[in-house]
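I opened my notebook and decided to look things up one at a time. Here is what I wrote down.

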Amino acid sequence: MNDIKLALLGSQGAGKSAVLVRFLTRRFIGEYASNANSLYHKRLSIDGRQLNLEVFDPCSQSSEARCILEEPVDWADGFVVVYNISDRSSFIDAKNILLQIREARMENCKGEVEVPVCLVGNKQDLCHARQVCEAEGRCLAQEHRCHFQEVSAAESYQDISALFTQLIRQVMELLKYRADRRRYSGSKSMAKLINNVFGKRRKSV
Ligand SMILES: Nc1nc2c(ncn2[C@@H]2O[C@H](COP(=O)(O)OP(=O)(O)OP(=O)(O)O)[C@@H](O)[C@H]2O)c(=O)[nH]1
């Protein structure tokens with residue numbers, strides 16, 4: 001069974017918990033405790049494969065709160081970065097978070113394929129109070145080569161389910177790639193070892 005670890009990042013009140021709870025339970029719950037980190041577990045089946053999903057929902061991150069970001073960046077295999085379309089400052093925070101994910105991953109995983117990220121513009125139902133247009137979100141996502149989706153945790157389950165499913169598929173591919181690479185480098189070092197032992201011996205005969 002695959003273990004899939006995701007982290008939700010975004011500024012305070014962007015709707016991270018609402019998006020996650022909508023995905024996990026299909027329900028919208030208006031208020032959540034926001035003063036503690038939470039780790040959610042769920043067993044899922046995607047494309048016929050059983051998965052153990054763990055999702056880390058840390059308490060809010062601002063652009064300065066680098067220390068909060070470091071933990072999930074090391075731990076997670078994929079990220080959902082959430083902003084509120086009716087709050088420009090949350091979009092600016094999302095930009096900074098995307099940059100920080102990229103920087104941290106470049107330092108930690110040299111040569112590794114990019115970690116899957118989905119940028120989510122939440123509270124689409126508040127479009128009368130919109131401060132971030134859809135094109136800006138799409139453009140930021142293109143810049144960071146990540147998937148983008150506007151959603152309303154308050155109103156809809158389908159879009160949120162689709163975005164998590166797509167992200168989990170990408171993470172499964174990443175985990176497969178890592179496992180193949182480990183196997184390949186393992187068999188290469190075994191070949192080297194055999195060569196070192198028997199190759200040298202053959203030479204001396
Ligand atoms: N109108 C509307 N309100 C939403 C939506 N999603 C969340 N909210 C509301 O926005 C507020 C913040 O939602 P949370 O899910 O707690 O946001 P959060 O990002 O987890 O916030 P912190 O835990 O403080 O970091 C709550 O009052 C939610 O009811 C949405 O799609 N539409």
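Is R88 buried, partly exposed or exposed? I looked it up in this predicted model, and R88 counts as partly exposed, at 29% relative accessibility.

**Entry 1: salt bridges**

R88 forms a salt bridge with E136, and the closest N and O atoms are 2.7 Å apart. This pair links distant parts of the chain, since R88 sits in helix 3 (residues 88–108) and E136 in helix 4 (residues 134–143), 48 residues apart. E136 is partly exposed as well, with a relative accessible area of 27%.

Another is K176 with D180, where the closest N and O atoms are 3.1 Å apart. K176 is exposed, with a relative accessible area of 52%, while D180 counts as partly exposed at 30%.

**Entry 2: strand 4**

Next I went to strand 4 (residues 78–84). Why is strand 4 said to be largely enclosed by the rest of the structure? Because 7 of its 7 residues are buried.

I also checked which way the residues point. G78, V80, V82 and N84 point one way, F79, V81 and Y83 point the other way, and all are buried.

Then I looked for the neighbours of strand 4. Strand 1 (residues 2–10) pairs with strand 4 in the parallel sense, over 5 bridges. Strand 5 (residues 117–122) also runs parallel to strand 4, joined by 6 bridges. I picked V82 to follow across: V82 is the bridge partner of G10, and V82 also stands opposite V120 in strand 5.

**Entry 3: aromatic pairs**

I counted 3 aromatic pairs in the structure. One of them is F56 with W75, an edge-to-face pair with 6.0 Å centre to centre and 65° between the planes. F56 lies in strand 3 (residues 49–57) and W75 in helix 2 (residues 66–75), so the pair ties together parts that are 19 residues apart in sequence. F56 is buried at 12%, but W75 is partly exposed at 29%.

What kind of pair do Y83 and F91 form? Their ring centres are 4.8 Å apart and their planes are at 70°, so the pair is edge-to-face. An angle over 60 degrees is the cut-off for that. Y83 is buried with a relative accessible area of 0%, and F91 counts as buried at 1%.

**Entry 4: S152**

Last, I looked up S152. Where does S152 sit? I found S152 in the loop between strand 6 (147–150) and helix 5 (158–204). S152 counts as buried, at 5% relative accessibility.

The side chains of S152 and D125 are joined by a polar contact of 2.8 Å. Leaving out residues up to four places away in sequence, S152 touches N122, K123, Q124, D125 and I160.

Key
Residues are numbered from 1 along each chain as its sequence is written. This is a predicted model: local features need pLDDT of at least 70, side-chain atom pairs count only at pLDDT 80 or more; totals for chains, interfaces and linings use all residues. Side-chain values use heavy atoms; hydrogens and water are left out. Rings of Phe, Tyr and Trp (its six-membered ring) pair if their centres lie within 6.5 Å; planes under 30 degrees apart count as stacked, over 60 as edge-to-face and the rest as tilted. Helices (H or I, at least four residues) and strands (E, at least two) are DSSP runs, numbered from the N terminus. Buried means under 20% relative accessible area, exposed over 50%, partly exposed in between (1.4 Å probe, protein chains only). A polar contact is a pair of N or O atoms within 3.5 Å; within protein, one must be able to donate a hydrogen and the other to accept it, and residues adjacent in sequence count only if both atoms are side-chain atoms. Contact means heavy atoms within 4.5 Å. Two strands pair if DSSP finds at least two bridges between them. A salt bridge is a side-chain nitrogen of Lys or Arg within 4 Å of a carboxyl oxygen of Asp or Glu.
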